[in-house]
Amino acid sequence: MPAFAARDLAPKLTVLVAAGVFCLSTSISRAADEIDPAAPKGAAVTVLKAAKSCFANIVEVSGTIIAREETQVRPERMGLKVAEVMADAGDSVSAGQVLAKLNLPEGGQISVQAPVAGVISASTASVGAMASGKGEALFSIIARGEFDLVGMVPTRDIAKLQVNQTARIKVIGAGEVDGKVRRLSTTVEPNSQLAQVFVGVIANRRLLVNSSGRAQIKTGQSCGVAVPLTAILYGTAGTVVQVVRRSRVETRRVETGLMSAGQVEITSGLQEGDIVVARAGALLREGDPVRPVMASADAK
């Protein structure tokens, strides 16, 4: 009986195995039929989505630090001699503070006082020296310790500037300080076509007169689509970016605007969400097949 059952079962197993092989072959055949033989198989390229970003419109001014207001201190009388010096260049003084004492020709002394609070920028006072109401001042005081950065800007930029616009000023030897546009020139130097601007320095630190500085004045803000600088190609055909659509490269001519922190504003030619090659290169051409790999957030 068992031998009969085995003989009877063998043909059935053969049929089942054959059916299984047929089904597997059919599945593989269907999967192969679903693969698009025209699908591109190009090189892998890093891409990113064009996204909106805001850019500050900045006007740069290079210039020199000057005292906003400097007061000269002299005695009112003639023929006096310095008896005692009580302040020196670099000292901060208050209004009414005694700076020096002078001997009178007929005997006695008078005091020379600071007419304003500020910082003494220069002093010629020395014991035994003559002092008078004319000639060289005994002391020069930068009133209230206020400074300006005075510089020149092109006429195309002067129209963007307004009084009270904020600025960030980098002063050689003193680091960065805040500032504000205080005064604009109403005339232009005819040969250079540059106009003068005064940027008030807002700082509780001592600055050196005639030191160099550079101010970045924020004149506005522009928001639009942006891409990294590395995504832009400059050539004879103009400014272009490389976009990936349906796994193929498309070259787009674009117009650029402001630039900040490695990002460039695209004013036309690109839309938010477009897939852009992160590092455009001459090796990629119009229509080339590629395998896009999305850049990580840190890579952007």
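Arginine 183 lies over the face of phenylalanine 198, at 3.9 Å from the ring centre; a charge is said to sit over a ring if NZ of Lys or CZ of Arg is within 6 Å of the ring centre and within 35 degrees of the ring normal. This is a predicted model, in which local features need pLDDT of at least 70, side-chain atom pairs count only at pLDDT 80 or more, and totals for chains, interfaces and linings use all residues. Residues are numbered from 1 along each chain as its sequence is written, and side-chain values use heavy atoms, with hydrogens and water left out.

The protein chain has two helices and 22 strands, where helices (H or I, at least four residues) and strands (E, at least two) are DSSP runs numbered from the N terminus. Of its 300 residues, 31% are buried, a word that stands for under 20% relative accessible area, while exposed stands for over 50% and partly exposed for what lies in between (1.4 Å probe, protein chains only). Among contacts with a separation of 6 or more, 70% are between residues 24 or more positions apart, contact meaning heavy atoms within 4.5 Å.

Valine 276, in strand S21 (residues 275-277), shows what a buried position looks like in this chain, because its relative accessible area is 0%. Leaving aside neighbours within four places in sequence, valine 276 is in contact with several residues, including Thr46, Val47, Leu48, Val227, Val243 and Leu270. Methionine 294 is 18 residues from valine 276 in sequence, and the two are 9.6 Å apart in space, C-alpha to C-alpha.

Charged side chains also join parts of the chain, and the count comes to 13 salt bridges, each being a side-chain nitrogen of Lys or Arg within 4 Å of a carboxyl oxygen of Asp or Glu. In one of them, glutamate 60 and arginine 214 have their closest N and O atoms 2.9 Å apart. Because glutamate 60 lies in strand S2 (residues 51-67) and arginine 214 in strand S15 (residues 212-228), this pair ties together parts that are 154 residues apart in sequence. Glutamate 60 is partly exposed at 39% relative accessibility, and arginine 214 is partly exposed at 42%.

A network of salt bridges links Arg68, Glu69, Arg144, Glu146, Asp148 and Arg182. Within this group, the side chains of arginine 68 and glutamate 146 meet at 3.6 Å, N to O; arginine 68 is in the loop between S2 and strand S3 (70-73), and glutamate 146 in the loop between strand S10 (139-143) and strand S11 (147-154), 78 residues apart. The side chains of arginine 182 and aspartate 148 meet in a salt bridge at 2.6 Å, N to O, and because arginine 182 lies in strand S13 (residues 175-189) and aspartate 148 in strand S11, the pair ties together parts that are 34 residues apart in sequence. Arginine 182 is partly exposed, with a relative accessible area of 31%, whereas aspartate 148 is buried, at 1%.

Methionine 259, placed in strand S19 (residues 255-260), is exposed, with a relative accessible area of 51%.
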